[in-house]
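Have the sequence and the model open side by side as you read.

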Amino acid sequence: MNAGTNKSPLWQVIGASSVGTLIEWYDFYIFGSLAVIISKQFFPEDKSTAALLSTLAIFAAGFIVRPFGALVFGRLGDMIGRKYTFMLTLVLMGGSTFMIGLIPGYATIGMAAPLLVLALRLIQGLALGGEYGGAATYVAEHAPANKRGYYTSWIQTTATLGLFMSLGIILFTRNAIGVEAFNQWGWRVPFLMSSVLVVVSIVIRLKMNESPLFSKLKKEGKVSTNPLKESFGKKVNLKMVLLALFGATMGQGVVWYTGQFYAQSFIENTCKVDFEQSRTILLWAIVFATPFFIFFGWLSDKVGRKWIMMGGMLLGILTYRPIYQHILDRTDAKKKTELVEQQKMERTAVLIKNSTDSLVKTMTYRTYSDGAVFKETKTDTAHATSGVFTLKPDVKIEKKVGGGDYRLIALLIFFQILYVTMVYGPIAAFLVELFPTRIRYTSMSLPYHIGNGVFGGLVPFIGTLIIEYTKTAGNPKGEPLAGLWYPIAVASVCLVIGCIYLTNKGDEDVSDDVNVYVH
């Protein structure tokens with residue numbers, strides 16, 4: 001293939017595809033990275049747990065509609081071309097992200113706020129459903145057969161780098177304007193910045209040419225007139241779609257979201273590590289793990305895709321609970337030695353507006369021998385008439401772990417992202433090789449987005465919900481590791497199906513209708 005032998009055009013293809021896809025992932029993940037703050041902005045403040053669960057549900061809604069975006073835009077991509085379809089998805093994603101940054105909070109417009117956010121989140125999900133399949137197909141159809149895993153693995157880095165960029169911009173903005181200003185209005189800045197990033201990406205993508213394989217099909221008059229019917233109406237292709245979903249992408253999806261989003265949610269909400277540390281830990285892990293996407297993509301060209309992906313799932317199944325138990329232990333005050341003489345307490349009292357009662361805030365700082373500092377903030381109402389406090393004060397814990405524990409937790413997250421690179425690095429090449437050119441965009445997008453959008457995207461929500469259901473009067477904190485049973489179960493089912501029904505042999509000629517992945 002000409003593009004495969006001419007390095008400059010191929011790298012331009014990869015660069016243009018990757019930049020746009022990176023920006024779409026950035027747009028999609030800002031919401032999850034700011035879930036705690038968004039829950040306070042768009043829901044009643046007096047119901048923090050319900051607000052967080054509602055926010056995670058809205059976050060998950062964007063994932064659930066991704067398969068529908070795959071059908072809509074996959075069909076367009078197989079009929080009118082790859083280039084113009086994912087130009088459209090980019091505009092939709094950027095526009096909806098920008099609009100989320102403009103929506104007034106619950107205090108201003110009430111329930112209209114979360115409903116508007118939900119509507120825009122659904123548009124984001126639809127757009128992302130059409131983006132990934134187009135970008136992966138576009139790069140794969142330019143790449144030479146013996147380096148397809150390597151070249152498509154650059155697209156695979158964009159999801160994790162999009163998360164990295166969202167976390168980085170959030171932390172930069174927060175440190176630049178201050179915590180209080182960020183919590184009030186500064187959280188909107190990362191959403192509004194999307195408009196600038198999208199314009200840059202559109203300019204880059206306008207210079208791209210159509211995929212050579214699709215152009216050849218169009219020239220020969222062989223473009224599918226009904227890709228949905230061909231993909232799912234024919235038994236052979238439907239079998240491939242189901243095999244891709246249950247033998248690869250659903251396991252890959254839960255590994256991806258457990259290793260990154262669930263990890264951040266667990267560190268921040270369960271372990272109570274403070275806002276900045278919970279994100280910088282993930283940033284460091286991403287920095288050191290990201291090159292392995294390229295490595296495992298390259299390796300899959302040499303040894304095959306199957307066993308690398310199955311290996312990543314197996315490692316997750318075997319080690320998730322020990323890893324998260326270790327993180328929990330490293331942030332448990334009961335397993336640390338407190339330096340009692342360094343304990344500090346600060347108390348402030350503010351008169352409540354239109355009342356004689358006072359709002360009393362007591363902050364207790366406890367320092368431990370390993371360098372950790374745990375801050376307990378107790379907010380209570382002191383009644384002027386009786387002089388007594390409320391029976392149930394609001395108590396919040398923020399933990400700064402010591403240097404040794406910080407590095408160890410970052411290493412444990414690194415291992416989880418390493419599993420992500422194993423399952424995700426080769427998956428684009430695997431999916432492209434599974435389907436013929438005329439229906440590839442549609443056929444590969446659907447199992448990918450069900451696996452990642454539904455099975456994977458629901459990991460933070462279902463995991464948090466399972467933990468809530470384990471809470472009892474005798475155990476108000478619940479079972480903190482219970483949420484892991486969901487990704488472990490899904491990955492286990494996928495591992496068994498993949499090991500039995502997938503073959504490790506690659507398909508060198510993706511321009512024909514012959515499939516090599518089934519026994």
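Trp-298 is partly exposed, at 38% relative accessibility; the scale calls a residue buried under 20% relative accessible area, exposed over 50% and partly exposed in between, using a 1.4 Å probe and protein chains only. Keep in mind that this is a predicted model, where local features need pLDDT of at least 70, side-chain atom pairs count only at pLDDT 80 or more, and totals for chains, interfaces and linings use all residues. Residues are numbered from 1 along each chain as its sequence is written, and side-chain values use heavy atoms, with hydrogens and water left out.

Now for the rings. Those of Phe, Tyr and Trp (its six-membered ring) pair if their centres lie within 6.5 Å, with planes under 30 degrees apart called stacked, over 60 edge-to-face and the rest tilted. That rule gives 22 aromatic pairs. Take Trp-284 and Phe-288: their ring centres are 6.2 Å apart and the planes meet at 25 degrees, so this pair is stacked. The two sit 4 residues apart in helix α16 (residues 275-289), about one helical turn; helices are DSSP runs (H or I, at least four residues), numbered from the N terminus. An α-helix has 3.6 residues a turn, so residues three or four places apart point the same way. Trp-284 is partly exposed at 47%, whereas Phe-288 is exposed at 54%.

Back to Trp-298, whose partner is Phe-295: the ring centres are 5.9 Å apart with planes at 35 degrees, so that pair is tilted. Both belong to helix α17 (residues 291-303), 3 residues apart. Phe-295 is partly exposed too, at 36% relative accessibility. Elsewhere, Trp-256, Tyr-257, Phe-261, Phe-293, Tyr-424 and Tyr-448 make up one aromatic cluster.

Tyr-448 brings us to helix α21 (residues 440-456). Its 17 residues reach 22 Å from first C-alpha to last, close to the 24 Å expected, where the expected span is 1.5 Å times one less than the number of residues. Of those 17 residues, 14 are buried, so α21 is largely enclosed by the rest of the structure.

And the cysteines? A disulfide is a pair of cysteine sulfur atoms within 2.5 Å, and the count here is 0. The sulfur of Cys-494 has its closest cysteine sulfur in Cys-499, 9.1 Å away, which is too far for a bond. Cys-494 is buried at 0% relative accessibility, while Cys-499 is partly exposed at 28%.
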